Amino acid sequence: MAFVSAERPKRSHHSQRPLRLAALAAVLAFAGIGGAAPLQAQETVKIGFIGPLSGGNAQQGIAARNGFQLAIDQANAAGGLPFKIEPIILDDAANPQTGVAAALKLTNDPKVVAATGHWNSGVALATIPVFSRANVPFVVWGAISPKITEKNNPMVSRVVTTLVNTNAPLAKWAVGNIGKRIAIVSDTSDYGAANLANFKKFFEADGGTIVAAESAPVGTTDFRALLTKIKGENPDAIYFGGVVAEAGLVRQQMVQLGMNQPMIGVDGFYDPEFLKIAGSAANGTISGIAKEVGNAKLDAMTAAYQAANFAEPVGSYTKNAYDAANIIIEALKTAGIKDKAAIAKAIRGIEFDGAMGHTSFDENGQTKREVVLELREVKDGAWTTRQ
């Protein structure tokens with residue numbers, strides 16, 4: 001993206017008089033002298049964005065940030081709004097404490113009328129109480145723990161489906177196509193624990209058996225002892241219930257230990273960075289993701305994104321944050337910018353057609369969009385659609 005120099009262009013002495021006359025005319029017009037109508041400054045409101053812009057998950061956050069920025073830029077450029085929108089973009093570094101600090105910064109600014117945020121469920125669960133206490137409407141663009149919308153917090157809505165929606169069809173597919181004996185490895189975060197519990201529940205309900213279930217803290221780098229224990233059970237596959245960095249290491253160390261079974265999971269590790277971390281061991285890994293259904297709004301967003309010359313390509317979460325921002329903007333058109341409870345209510349009541357498709361929310365603020373499972377498998381070092 002282009003940056004404009006802050007240095008003022010130099011002007012000749014001969015240009016000063018016309019400039020002074022123009023300035024005087026502007027002052028007189030503002031004062032209503034000479035028949036000119038008084039000017040009124042357009043009010044500025046702020047909408048916040050929080051996501052991982054640094055660290056191992058930065059690629060997800062940056063792609064979402066760009067979608068958010070695109071939506072704000074388009075709204076300001078289109079005109080017709082009785083206010084100007086200023087985006088406030090903050091990094092949560094995929095860390096709950098950093099996320100809370102960012103949330104406090106947003107909620108302490110009276111001009112922030114709403115916000116959208118988070119790829120990591122643990123971060124979202126930490127910041128939601130901050131937004132709730134401050135009565136600032138918050139739309140989740142990426143985090144998928146079921147806990148986020150279980151309590152029906154009136155200030156919180158979510159545009160992305162939960163891990164329940166992807167684990168259920170993945171478990172059914174695994175029983176019929178991978179085998180009935182699977183071991184689970186997860187991290188100990190809320191996201192990891194929810195994946196473990198939900199995949200286990202659905203897999204067993206479909207007739208499968210979980211032969212082992214092991215967890216390790218986020219940041220673990222050596223899974224060999226844990227995997228050696230699982231190896232003795234000779235499972236048909238390993239289900240991994242965590243995110244990118246740990247997933248890459250687990251897959252790499254599985255192959256080092258001679259465990260050639262497939263590794264499967266939901267979209268927490270469906271990312272190009274996984275391929276870099278796992279290297280050649282990534283081949284054979286399968287991720288079950290929500291199928292992207294093309295539509296004219298998605299095509300238009302993609303074209304506008306490319307025209308805006310962002311440094312990064314469109315990512316999996318670009319459309320999520322783009323729609324989240326536009327939903328907030330539509331709610332501001334309906335409810336105005338003064339009453340934040342009314343803004344939150346307008347978000348909940350919306351029927352919005354965007355890049356993700358049609359979005360509406362249930363009584364808990366959870367999107368009602370149904371998931372069609374799509375399987376992505378690593379072949380020859382690249383994510384490919386599995387037929």
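**Entry 1: the model.** I am working with a predicted model. I wanted to see where the protein leaves empty space. Rolling a probe the size of a water molecule over the atoms shows where such space is left.

**Entry 2: the largest pocket.** I looked up its volume and found about 960 Å³. Its lining holds 41 residues. Which of them are the closest to its centre? I noted Ala290, Glu292, Ser316, Tyr317 and Lys319.

Next I looked up which helices and strands take part. The helices α2 (58–78), α5 (163–177), α10 (296–307) and α11 (318–335) each supply at least two residues of this lining. Which element gives the most? I found α2, with four residues.

Then I sorted the lining of the largest pocket by class. I got 19 nonpolar, 12 polar and 10 charged residues.

**Entry 3: the second largest pocket.** Here the volume is about 380 Å³. I found 22 residues in the lining. Asn57, Ala94, Asn120, Val218 and Val243 are the closest to the centre.

Which elements give two or more residues to this lining? I wrote down α4 (121–134) and α8 (244–256). Of the elements, α4 gives the most, with three residues.

I sorted the lining of the second largest pocket by class as well. I noted 10 nonpolar, nine polar and three charged residues.

Conventions:
Residues numbered from 1 in each chain as written. Predicted model: local features only at pLDDT ≥ 70, side-chain atom pairs only at ≥ 80, totals over all residues. Heavy atoms only, no water. 1 Å grid on protein atoms, 1.4 Å probe; cavity = no way out; pocket = protein on both sides within 12 Å on 5 of 7 lines; lining within 4 Å. Points joined across faces, edges and corners; volume = space filled by probe spheres on them. Nonpolar A, V, L, I, M, F, W, Y, C, P; charged D, E, K, R; others polar.
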